[in-house]
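The points below begin with the metal site and then turn to the chain as a whole.

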Amino acid sequence: MAQPPTSGTDNPLLAPWTAPFGVAPFEAVRPEHFRPALDRELAEHAAEVAAIATSPAAPTFDNTIVALERSGQLLSRVGDVFGALCGAHTNDELLAIEREMSPLWARHRNNILMNQDLFRRIDQLMAQRDSLGLTPEQARLLERHHTRHRRAGAGLDEAAKARLAQIAERLAVLGTSFSQNVLADERDYTLVLDSEADLAGLPDFVRAAARGAAQERGLAGKHVITLSRSSVEPFLQFSARRDLREKAFRAWIARGDAGKTDNKAFIAEMVALRAERAKLLGYPSYAHYRLDDEMARTPGAVRNLLDTVWGYARAQAMDDRKDLQDLVQEEGGNFHLAPWDWRYYAEKLRKRCCDIDESAIKPYLQLERIIAAAFHAANKLFGLTFEPRNDVPTWHPDVRVFEVKDAQGRYRGLFFGDYFARASKRSGAWMTTLRDQEKLTGPDVRPLVINVMNFSRSGAGEPDLLSYDDARTLFHEFGHGLHAMLSNVTYPSISGTSVETDFVELPSQLYEHWIERPEVLREFAVHYQTGEPMPEDLLKRLLAARNFNQGATTVEYVASALVDLDFHLLDKADGLDVTQFEKDSLDRIGMPAEIVMRHRPPHFAHVFSGGGYASAYYSYMWSEVLDADAFSAFEETGNIFDPATAAKLRDNIYSAGGTREPAELYTSFRGRLPTPDALLRKRGFIAPLTPAA
Ligand SMILES: [Zn+2]
């Protein structure tokens, strides 16, 4: 191995960045540059924070909060480049550095959050908050810093802190065991389909996937269904063999529920540890602790929303059940619809009402035109323009760069679009930044914003075509991008997308609405060979398909969210009987017998492997309430680009970052808090709005 460069002069990460717009010198950066640069900047940041914490001067907003905001600039500059490469263009060397660095990052972050001297200063400022003469943004910033440290346990005595650390470690171990059990059940189970009779009803794409799964398991020439969602769901949807559907379904909902991979004891312990953790931090339950720092604020607010949607969704599902049962009878079936029948008969009904052939849609969705549509909507709404730049360094030749300007022609930032799948890229789609907007370290530091997708190329000189889901994903990530590009705040830590988890998807999910509108599709969904717009009939079916089977889909989701909430409302959970608890929870809401939770507790990874969504599985629906209600603000004016509504949306949501509480931001935009009506309309549970006259 070559000697790693150590001084700033031969490490391009540590030398001044002279490329246009201050972008990192990507062509010169090699993996071996990162470790020395990160080590140096981590130490530098730790020293900066130590100096703030131990300053002999009495704490002021400036010498404590502003100083913290200014600290670690070079670390985040290098860290952002490292993070971008690890996601979008990685290799074994970068992956190894990432593994080495991840515990170091965690320790660094913890050391700062748990620093007693630092917390004492922040706590003092918080106590004097009203007499410090702060602007509203500064007051909010102080509160955010205080909350972050307090929620990490900074104010507690040594014994409590030691116990919190123990709990965190044990939870990490349990979460890993939980996911490994689910993975093992998904990997090891196989339903082998031996004959043509076993394959009855399965379309080509399901057969091809089943052949691939068989090959992977050394069963070349056969067909295998596994318990991963992408294998078993299409099987349940298409297989005409009721006996095999039952077999696969029963195995699927039993993942993590028995034998060597039984997760129930892990769940009981995790629920108990989380309740204990919340108590140590002064909350009555884990749900109270978790939700206190979300827009929802309280378990009551979450339950309110879920209960409301539940009523409509359950009623819709019961109606749909009748239609499905009728279809069973119509086909001469002499049985009651069972959970393993739902997807199969729903698929038959879907074919009747709103069949769409993916291959008929694709020729109308060219990548170039969908990018243009996303830019067009940003122009109509916010006056932004996007000019291609060829002189900016990037991490891969496929990456496109655009200079973003506002209606007055002022530079607002750079947008990097990295659209195609490649071996060096992680799967999925995401938005990230190489620099955030702020006004602290310069008069107006502008953001460098990245969107990464995994679209496949058409190849051979043909234009690249997208599926409708792809197009929606592009708009989703571009919506996150706008949240960063339009940001207009002073302090870096509350810039752009640095907002609550149940609020951060509002700008992205809201933006998806514009690619779901005929006004936009008519102009941008044109055939790649003929240039003809998508036929009206196809467009109608495409948009109608969205509401199909929403009753059952919503019941599956809301039931999971409610059970998640119930677990985390327990104030202690020693000796918890997980199976009985699940049953009681579902009995209380009247779960229809023909539908099963989207994630039963023994395999509810969102909640029990890592806990990212523990008592927060509701957030998907919370965000949907916001985006549906926000888009209705445009619909109510009869103009999906209404300038007055767009200006309010920009000022209070897209440019506001975390400067105010989400509920306050939303109310300033909409004049009131959201109601679930628009979501209920969007999912087809109540009648659509009559168009404005
Ligand atoms: Zn998102």
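This is a predicted model: local features need pLDDT of at least 70, side-chain atom pairs count only at pLDDT 80 or more; totals for chains, interfaces and linings use all residues.

1. Three protein donors are found for the zinc ion: H476 through NE2, H480 through NE2 and E505 through OE, lying 2.1 Å from the ion. Along the chain, these donors follow the spacing H-x3-H-x24-E.

2. H476 and H480 both belong to helix α17, which covers residues 468–485. Because they are four residues apart in that helix, about one helical turn separates them.

3. Are these histidines buried or exposed? With buried meaning under 20% relative accessible area, H476 qualifies at 13%. H480 also counts as buried, at a relative accessibility of 8%.

4. R297 is not a glycine, yet its phi is positive, at about 75°. R297 sits in the loop that links α12 (286–292) to α13 (299–330). Its relative accessible area of 35% makes R297 partly exposed.

5. N549 is placed in the loop between α20 (536–544) and α21 (550–569).

6. As to the overall fold, the chain contains 27 helices and seven strands. Its radius of gyration is 27 Å, close to the 26 Å given by the globule rule for 693 residues, so the chain is as compact as a globular protein of that length. Taken along the principal axes, the box filled by the C-alpha atoms is roughly 85 × 65 × 65 Å.

7. Of the 693 residues, 53% are buried. Among contacts with a separation of 6 or more, 73% are between residues 24 or more positions apart.

8. What share of the accessible surface belongs to carbon and sulfur atoms? That share is 51%, out of an accessible surface of about 29,700 Å² for the chain.

9. The last point concerns charge. The chain carries 81 positive and 97 negative side chains. The centres of these two sets lie 1 Å apart.

Terms used
Residues are numbered from 1 along each chain as its sequence is written. Side-chain values use heavy atoms; hydrogens and water are left out. Helices (H or I, at least four residues) and strands (E, at least two) are DSSP runs, numbered from the N terminus. The radius of gyration is taken over C-alpha atoms; the globule rule is 2.2 Å times the number of residues to the power 0.38. Buried means under 20% relative accessible area, exposed over 50%, partly exposed in between (1.4 Å probe, protein chains only). Contact means heavy atoms within 4.5 Å. Accessible areas come from the Shrake-Rupley method with a 1.4 Å probe; for residues, only the protein chains shown count as cover. Lys and Arg count as positive and Asp and Glu as negative; His and the chain ends are not counted. The place of a charge is taken as NZ of Lys, CZ of Arg, CG of Asp or CD of Glu. Donors are N, O and S atoms within 2.8 Å of the metal (3.2 Å for Na, K and Ca); water is not among the atoms, so sites may look incomplete.
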